[in-house]
There are 2 protein chains.
Amino acid sequence: MANIRDVAQLAGVSLGTVSNAINRPELLASSTLQRIQKVIEELEFVPNASARNLRSRRNRVIGLVLPDVSNPFYTDLAKGVNDAAYASEYVVILCNTDGSAQKEVQYLDVLARQNVEGILITPVSESNLTLANVAERGIRLALVDRFPLGLQACSVAVNDVYGGSLALTHLHDLGHRKILVIMGKADFPQVVDRITGIKQAIESIVDADAPEFIKIHLDSMSVKNAYEVIRDMNSPFDFTGVICGNDLIAIGVIRALGEKNISIPEDVSVIGYDDIDFATSATVPITSISQPSYELGFTAAELLISEGESPEKHVHQRIEFQPKLVIRSSTAEAKSHRP
Amino acid sequence: MANIRDVAQLAGVSLGTVSNAINRPELLASSTLQRIQKVIEELEFVPNASARNLRSRRNRVIGLVLPDVSNPFYTDLAKGVNDAAYASEYVVILCNTDGSAQKEVQYLDVLARQNVEGILITPVSESNLTLANVAERGIRLALVDRFPLGLQACSVAVNDVYGGSLALTHLHDLGHRKILVIMGKADFPQVVDRITGIKQAIESIVDADAPEFIKIHLDSMSVKNAYEVIRDMNSPFDFTGVICGNDLIAIGVIRALGEKNISIPEDVSVIGYDDIDFATSATVPITSISQPSYELGFTAAELLISEGESPEKHVHQRIEFQPKLVIRSSTAEAKSHRP
DNA sequence: CTGAAAGCGCTTACAG
DNA sequence: CTGAAAGCGCTTACAG
């Protein structure tokens with residue numbers, strides 16, 4: 001494959017000039033520039049990214065570290081990141097931690113070795129030790145779907161506390177007083193926030209009969225895991241409302257309840273989270289808390305990339321999106337409230 | 001950050017020896033090795049990937065080029081690729097072409113610039129021009145979910161012809177004689193093969209009343225696109241069976257038919273493709289043709305990586321998985337066949 | 001506006 | 001078993 005030296009020779013200029021033609025074309029006389037560009041095309045010259053990176057310390061690569069790409073919420077988020085990266089001619093390395101802190105550490109290390117220009121991450125837990133470590137190494141960091149705790153970094157997230165309260169309030173308005181909350185791991189930041197939101201909403205209800213709730217924490221926020229846990233519950237199911245950590249869990253819950261001959265929403269109302277595309281097409285179309293997943297990823301990537309393009313000008317930003325309640329058929333008025 | 005020279009100095013050896021300690025530890029006296037390893041830890045030395053790649057022409061990066069990561073089939077496939085890569089300490093750059101040949105070319109170029117060690121691709125069309133171009137540049141290539149046409153490369157795919165015939169045969173067995181086939185773009189290789197399978201199955205039916213079928217080609221194999229097309233059909237819907245290009249299309253079709261008060265499977269049987277997780281949880285659980293998406297990705301990545309590890313020993317392989325029919329509730333006997 | 005030179009951090013024969 | 005040296009392909013001040 002042709003290298004920059006071949007191009008220089010054929011164009012009759014020095015190799016530094018070719019480099020300038022590529023990176024700072026405004027410095028060249030237009031005749032020289034044209035000549036060089038012609039040769040570049042002829043030779044199908046493609047600059048070697050490693051060499052370039054080695055000198056300039058830039059490689060147009062960012063890392064994206066996510067708990068679970070199979071989850072449509074993260075898939076959409078990743079798509080947003082990819083599109084933003086593509087627009088700026090960046091490329092993204094996708095890392096799937098499966099929600100494991102250990103894998104997260106390992107991937108962070110791999111990304112550091114690759115000299116990525118920045119890392120976009122939805123951290124597995126609140127603990128910032130690993131992240132601080134990355135920041136120390138001088139790798140730019142931005143948080144997606146999470147705000148930083150004592151860490152200098154851009155962040156783009158959704159107000160999960162508000163999302164939790166939105167869900168609770170909706171069920172309460174419908175007259176539900178006994179609620180099951182079924183979430184992911186207890187130390188998952190989003191889970192913590194949403195439960196806080198639920199509690200806050202309950203506290204703000206002056207009503208004598210504020211709802212009670214019970215929590216279940218799933219190891220994995222998947223259809224399967226949720227389905228199995230509800231299927232295997234041996235105590236009688238005496239809740240009239242269920243708040244799920246995401247729509248996948250809602251699907252699993254709905255399926256398990258269906259098998260127990262509990263109808264949705266006649267007997268029990270179920271509310272999901274994320275409002276994935278599929279929520280509309282599920283057995284029972286799912287009432288859900290909608291988050292702008294694609295925008296989350298897109299915005300975060302833009303922020304990270306723009307920080308890299310002009311570090312001096314950059315000021316860390318914290319962008320917060322608001323979740324929205326989308327009502328479908330999986331929630332309805334509690335029996336006790338019906339005529 | 002520490003570099004290899006710092007390590008050499010502190011360990012009192014030459015820098016070549018440090019390099020050997022990292023890459024060919026078996027060459028060193030164990031005492032020297034230990035001393036160096038200790039210093040590496042102390043200094044938290046991480047080798048610079050760019051420098052390494054520049055010299056050794058290896059960077060442990062592979063590219064994955066896919067038409068649509070939001071499609072669960074490809075999401076799972078991508079996960080398989082990621083897991084295989086992770087196991088071999090490789091990293092993957094994810095590229096989403098949105099089914100556009102132009103984006104495919106651009107991404108291929110970007111990947112070439114990044115000097116990836118290999119590219120895993122589900123090409124947008126049969127045409128191999130761009131791929132041949134990549135191969136010429138000396139980048140290893142492997143095809144996923146597609147077999148190569150006149151191209152030296154490993155490939156892992158599913159027998160789509162058989163998949164198509166499986167779908168047709170199932171509907172025929174149930175007594176359906178007027179079938180709508182609703183697929184993606186006509187030049188999409190998988191589409192071509194499945195239609196071939198459908199035709200072959202029809203031809204093999206000696207039966208006097210072999211089924212007739214009509215084709216629709218969608219621009220995008222999405223829920224939305226399928227839904228809109230069926231919703232806007234103004235001719236009367238006189239089919240009793242529908243074969244869909246994937247489960248997403250099936251979901252869209254089922255929704256649109258529902259709005260026209262056509263019940264599934266009482267009036268019309270609908271069969272999907274891919275058997276995504278969600279197929280079970282759809283409004284009507286979808287009968288589908290199952291493909292091992294995760295394994296597809298995992299196997300292809302392994303092949304590509306092993307080719308890189310020992311090019312001399314490598315022999316190109318072509319691995320074919322067989323699709324399976326998974327019967328759920330969206331297909332049933334045609335009315336004409338019922339008592 | 002262009003060219004010559006140094007150097008980014010490593011790997012890899014080669015000599016000893 | 002270890003060290004010295006060349007060089008991968010670029011970018012970047014600097015001189016002119």
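Guide: The part to look at is an open sheet of 4 strands in chain B, in the order β7-β6-β8-β9, with parallel pairing. Strands here are DSSP runs (E, at least two residues) and helices are runs of H or I of at least four residues, both numbered from the N terminus; two strands pair if DSSP finds at least two bridges between them. β7 (212-217) and β9 of chain B stand at the edges with a single partner strand each, so one side of each has no neighbour in the sheet. From one strand to the next the twist averages 20 degrees.

This is a predicted model: local features need pLDDT of at least 70, and side-chain atom pairs count only at pLDDT 80 or more, while totals for chains, interfaces and linings use all residues. Residues are numbered from 1 along each chain as its sequence is written, and chains are lettered from A and ligands numbered from 1 in the order in which they are written.

One pair to find is Ile243(B), whose bridge partner in β9(B) is Ile271(B). Helix α9 (residues 189-203) of chain B packs on the sheet, touching β6 (178-183), β7 and β8 of chain B. Contact means C-beta atoms, placed from the backbone, within 7 Å. The direction of α9 makes about 165 degrees with that of β6(B); axes are lines fitted to C-alpha atoms, for helices over the stretch in contact, and angles run from 0 to 180 degrees between N-to-C directions.

Now follow the chain back from β9. Pro265(B) is in the loop between α11 (247-259) and β9 (269-271) of chain B, and the peptide bond from Ile264(B) to Pro265(B) is cis, with omega near 0 degrees. In chain A, the peptide bond from Ile264(A) to Pro265(A) is cis too. Strand β9 of chain A holds Asp274(A), a residue other than glycine with a positive phi, near 105 degrees. Asp274(A) is buried (20 or more other C-beta atoms within 10 Å), with 29 of them.

Definitions and conventions:
Buried ≥ 20, exposed ≤ 12 C-beta atoms within 10 Å, placed from the backbone. Contact = placed C-beta atoms within 7 Å.
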